[in-house]
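I opened this structure to look up a few things for my notebook. The entries below follow the order in which I checked them.

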Amino acid sequence: MSRVDVRKTHKLFIGGAFPRSESGRTYEVTDANGEFIANVAQASRKDARDAVLAARSAFAKWSTATAYNRGQVLYRIAEVMEGRRDQFITEIEQGEGVSRKKATNQLDTAIDRWVWYAGWADKYAQVLGTSNPVAGPYFNFSIPEPSGVVAAVAPQDQSILGLTSVLAPIIATGNTVIAMPSPVHPIPGITLAECLATSDVPGGVVNLLTGAPAEVMPWLAEHADVNALDLTGIIDVSVAADLEKLAASSVKRVRQPAPDADWHATPGLSRIRSFSEVKTVWHPIGV
Amino acid sequence: MTFDYAPAPESRAIVDIDSNYGLFIGGKFVEPKSGEYFKTINPATEEVLSEVAEAGQADVDAAVAAARKAYEKTWSKMSGKDRAKYIFRIARIIQERSRELAVLETLDNGKPIRESRDVDIPLVAAHFFYHAGWADKLEFAGYGPDPKSLGVAAQVIPWNFPLLMLAWKIAPALACGNTVVLKPAETTPLTALAFADICQQADLPPGVVNIITGAGDTGRMLVEHPDVNKVAFTGSTEVGKAIQRAVAGTNKKLTLELGGKAANILFDDAPIDQAIEGIVNGIYFNQGHVCCAGSRLLLQESIAEEALHSLKRRLQTLRLGDPMDKNTDIGAINSQAQLAKIEELTKSGEDEGADRWSPACPIPEKGFWFPPTVFTNVTQAHRIAREEIFGPVLSVLTFRTPEEAVEKANNTPFGLSAGIWTDKGSRILWMASQVRSGIVWANTFNRFDPASPFGGYKESGFGREGGITGLGAYLDAEDKS
């Protein structure tokens, strides 16, 4: 007789913990053939608010951690993911109905992307920052700083690569994030949460809410303690437009949907720019 | 024996204001299809200066079409080197006509001639000069090997620095290869119309710059126009939010430079007299009509009394009156509506229990005026500590520790600027890193430069103007993953 396996309960990831949805709701996730995989927590407004609180609480420390430290923490995520290769690949293969080769390729690119952004943590300020030759006796310099708390929607396909491509540039620079993984393929995202929980990422820096972006995102879009929205994974243009309208209530930075993104291409700096503020400091020169 | 200042009025003979102005579309001044005109007045005398066209939908359509045509046929095809030369020409003509522009600005806006002559117009010329040189060097700016322009830019600017805000909008837009339709504020259209004349003198190709005058409705039609690719707005947070809503769901690139409620933080080790000069400049410069004005003064408790005493003594020497007089420190409030807003908010300060003080200050009979005003016993809950007054009104609060100063400075939805006054270098840099604002002035305030990026955090808007960072607002730098 074969062994009866022990199945996992798929929960949310908020403030470094794995709570069920406060609403008590779950939804069924199926594989590419429509066969049942798991019941996954379906996040509610209350969960979104809890996640904002966790992200805001984590911001002060994460945003002032040294860039070297943030780089190492991101690199550590790649290390921990590497140890779960088989689990990720199986989940991608099963959920997205792709070949093992394609699933492996997606995961490899995702892990490498964490490494890529880990390296940016202590370099982007040198690329985006400037010292400015003003016409007067002042030392004037500009440095990028994180925007704050970002609410992000991961792409609907390429579950782990899409989620990684959205998350990594947001946290590499010191933002904290509430992200919604692909609602159709959320399982690899939940496994990523387990990697984050066992790596060195402080609780609350990344919060993952499974569920329906169309239901949860409006609460985040109008939440006054959220500074920016990343609508990368929103497919419906009218939903994106409505979210951007809500975002205007507190002048949030909004990154537009990216329906045609090529996640396997090497990213540029525009994601890092989207969630950075440039601060300029004037300091007099004199004896 | 008392000494007094003799009048030192600047001559207005240098300006020649037409009795009415059309819209500047496709390189020519044209009558508005709307048939509507409105008056622009000198806020210091309430004298009507001119009548300007009020652009309606058909006029906005025509201006956008002219900008589109110029973009497709001329400007986007021109080499960066040639674009640069046109912008350099503009910078030079502004320098040549600087006194005329300063006088015109002061007449239409009410700001002291000393400020328009020594601050506004020199910065306008510098802004065009700086950006001209970028036009043929964009591939070195860090936005990729071949950064592309966006297309037609719709730009709406405020009345507090009319020509300077025009420069902040138009110079980077043109350098990056875009064409523009710009709407100046309805109370201060004249220097923008003079700029149209400068474009003609520079032989700028028709349609590259279009100036349409009008009020809020004209601005709304412009930013909502389906054929614009970029919207840039400087003004109130309330209107900025409305524009963000209007632009939602379009592919228009948006930058917003909105309100502020800056903290000017004075530590006990700062040289008090020098700091008081900076604090006075921070809030009373340009009648406080400055989005980055230091409208909240945070005094360290141990020196609060001494600093207030110095501040009040200094305010008694400020001269309010004829903006055309070269000795005037405080000019006219820009409009009746703005005066009413300042009066309403200052009344709330008294009603909510803060103590109001102004120096003895004769107020001219005609025009719109408000004396420099200081509120003490202000709490963070008071409206005068939370809302942007946009007038010569300072709210004073106190703090004990640097941490408390940071907490109070950041306790606002705005995040445009901050000032730090202390002799301790490490404290300056620590404070600068803690304050959530786009500009931090250490032992100075209200400094501007075309090479220095300007713009806010939080509800003060997004995007930067000036410097290499500001170019990003007018280039397509979005990579696709």
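How many residues does the contact take from chain B and from chain A? I found 42 residues from chain B and 40 residues from chain A. Here two residues are in contact if their C-beta atoms, placed from the backbone, lie within 7 Å.

A note on what I am reading. This is a predicted model, where local features need pLDDT of at least 70, side-chain atom pairs count only at pLDDT 80 or more, and totals for chains, interfaces and linings use all residues. Residues are numbered from 1 along each chain as its sequence is written, while chains are lettered from A and ligands numbered from 1 in the order in which they are written.

**Chain B, the side that touches chain A.** I looked up which elements supply at least two residues each; among them are helix 14 (425-434) and strand 18 (439-442) of chain B. Helices (H or I, at least four residues) and strands (E, at least two) are DSSP runs, numbered from the N terminus. Helix 8 of chain B gives the largest share, five residues. By class I read 17 nonpolar, 15 polar and ten charged residues on this side. Ala, Val, Leu, Ile, Met, Phe, Trp, Tyr, Cys and Pro count as nonpolar, Asp, Glu, Lys and Arg as charged, and the others, Gly among them, as polar.

**Chain B, overall.** I found 15 helices and 20 strands in chain B. Its radius of gyration (over C-alpha atoms) is 22 Å, close to the 23 Å that the globule rule (2.2 Å times the number of residues to the power 0.38) gives for 481 residues, so chain B is as compact as a globular protein of that length. Its C-alpha atoms fill a box of roughly 65 × 55 × 35 Å along the principal axes.

**Chain B, helices 5 and 6.** I looked at helix 5 (residues 162-175) and helix 6 (residues 190-201) of chain B. They pack at an angle of about 50°, with their axes 8 Å apart. Axes are lines fitted to C-alpha atoms, for helices over the stretch in contact, and angles run from 0 to 180 degrees between N-to-C directions. The two helices are therefore oblique to each other; angles under 35 degrees count as roughly parallel, over 145 as roughly antiparallel, 65 to 115 as roughly perpendicular and the rest as oblique. B:Pro162, B:Leu163 and B:Leu166 in helix 5 meet B:Thr191, B:Ala192 and B:Phe195 in helix 6. I sorted these contact residues into five nonpolar, one polar and no charged.
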